[in-house]
Amino acid sequence: HRDGIWCVTWHDNTIYTGSLDGTSKTWSDELSPHAVSSQQKLGITSVSICKNSSTLVTCSQDSTISFFNNEMNENGRIDAGFLEAFKTTVSPNEEIVAAGSHSGAVNLWSMTSKSKTGSLQTKNNKFVLSTAFSPDGSQLSCTGIDGTLSIFDLGSSELVYSTDAHALPARCVKYSHGGDLLFTASDDRHVCVFDRRSGTPINSFSHTGMVLSLDTAADDRHFVVGCANHLVGYWDLGMQRCVQSFDSQHNDQVWGVSFNATGDRFVSVGDDALVQLYESTSSK
């Protein structure tokens with residue numbers, strides 16, 4: 001990319017990235033470039049992959065949600081409206097695409113018709129920075145610029161839990177692959193872990209820099225973070241500590257991290273326009 005890379009996801013043997021330069025790219029799992037999308041008007045804030053159809057869903061700074069096929073040809077888009085879509089995520093059944101808005105709502109659209117199907121309103125009405133569906137598709141969680149974590153039941157569309165999880169913006173929320181745990185990452189330099197059913201806090205992990213990105217491994221034991229101080233950290237929940245730390249791979253903020261399907265490798269991207277690959281200690 002010609003500019004900072006803000007998001008990344010890894011599916012099968014393909015890595016997908018989105019950049020401030022307005023393009024999305026696909027790479028092999030050894031970082032050979034494959035395809036590049038047409039350029040959007042503004043930077044790409046998120047990339048999500050539909051695992052069954054291999055459709056790539058991207059969101060840009062002007063709240064345009066775009067859909068691309070394997071060859072990175074655009075095959076649809078949603079103009080969500082000013083600040084009505086910041087980052088997108090796709091439901092496990094690939095029927096819904098969700099995105100947070102500046103008004104504290106999570107907006108929902110149909111993947112097939114591209115029409116808006118509803119919205120979920122948070123209690124504090126603050127900018128929603130990140131959203132995540134539970135693996136079973138029964139919940140949607142989001143985090144906001146005020147550090148709040150909100151959990152919605154999708155069957156009833158009701159807000160079932162809301163808490164001040166962080167003192168500063170919470171930029172990332174992720175479920176564990178098994179679906180029992182919920183992780184949040186924040187500018188307050190903490191990653192918090194919650195029980196996804198009750199919302200009860202389980203643990204909190206302190207970092208040396210603002211935590212901008214997070215992903216969970218398939219083994220439900222490890223997670224990886226990207227920080228504003230260039231650090232990438234690989235954490236072990238069982239040992240409750242960082243077991244691998246990488247501080248020289250990036251020279252700017254790390255905005256995206258993602259595991260492969262097995263969790264033995266992961267990738268990071270940042271404002272330095274670099275894509276870095278790692279092998280975890282658990283794979284050795």
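Which element gives the most to the lining of the largest cavity? In this predicted model, the count comes to 2 cavities of 30 Å³ or more, and about 70 Å³ of space lies in the largest cavity. Its lining includes Thr 122, Lys 123, Phe 127, Val 128, Cys 142, Gly 144, Asp 146 and Ser 150. Two or more lining residues come from each of strand E14 (139-144) and strand E15 (148-153), and it is E14, with 3 residues, that gives the most.

An open sheet of 4 strands is arranged in the order E21-E22-E23-E24, with antiparallel pairing. Strand E21 (211-216) and strand E24 (241-246) each have a single partner strand and stand at the edges, so one side of each is left without a neighbour in the sheet. From one strand to the next, the twist averages 25 degrees. The antiparallel strands E21 and E22 (residues 222-227) are joined by 5 bridges, and Leu 214 is found opposite Val 225 in E22.

Leu 214 and Val 225 also belong to the largest nonpolar core, which has 15 residues and in which Phe 183, Val 191, Leu 214, Phe 223, Val 225 and Leu 237 have the most contacts. At least two residues of this core are supplied by each of strand E18 (181-186), strand E19 (190-195), E21 and E22. When neighbours within four places in sequence are left aside, the contacts of Leu 214 include Cys 172, Lys 174, Phe 183, Ala 185, Val 191, Phe 223, Val 225 and Val 257. Another core, of 13 residues, lies apart from the largest one and has Cys 59, Ile 65, Val 97 and Trp 109 among its members.

Note on methods
Residues are numbered from 1 along each chain as its sequence is written. This is a predicted model: local features need pLDDT of at least 70, side-chain atom pairs count only at pLDDT 80 or more; totals for chains, interfaces and linings use all residues. Side-chain values use heavy atoms; hydrogens and water are left out. Two strands pair if DSSP finds at least two bridges between them. Axes are lines fitted to C-alpha atoms, for helices over the stretch in contact, and angles run from 0 to 180 degrees between N-to-C directions. A nonpolar core is a set of buried Ala, Val, Leu, Ile, Met, Phe, Trp, Tyr and Cys residues joined through side-chain atoms within 4.5 Å. Buried means under 20% relative accessible area, exposed over 50%, partly exposed in between (1.4 Å probe, protein chains only). Contact means heavy atoms within 4.5 Å. On a 1 Å grid over the protein atoms alone, a cavity is a set of points where a 1.4 Å probe fits but cannot get out, and a pocket is an open set with protein on both sides within 12 Å along at least five of seven lines; lining residues have an atom within 4 Å of a point. Grid points are joined across faces, edges and corners, and a volume is the space filled by probe spheres set on the points.
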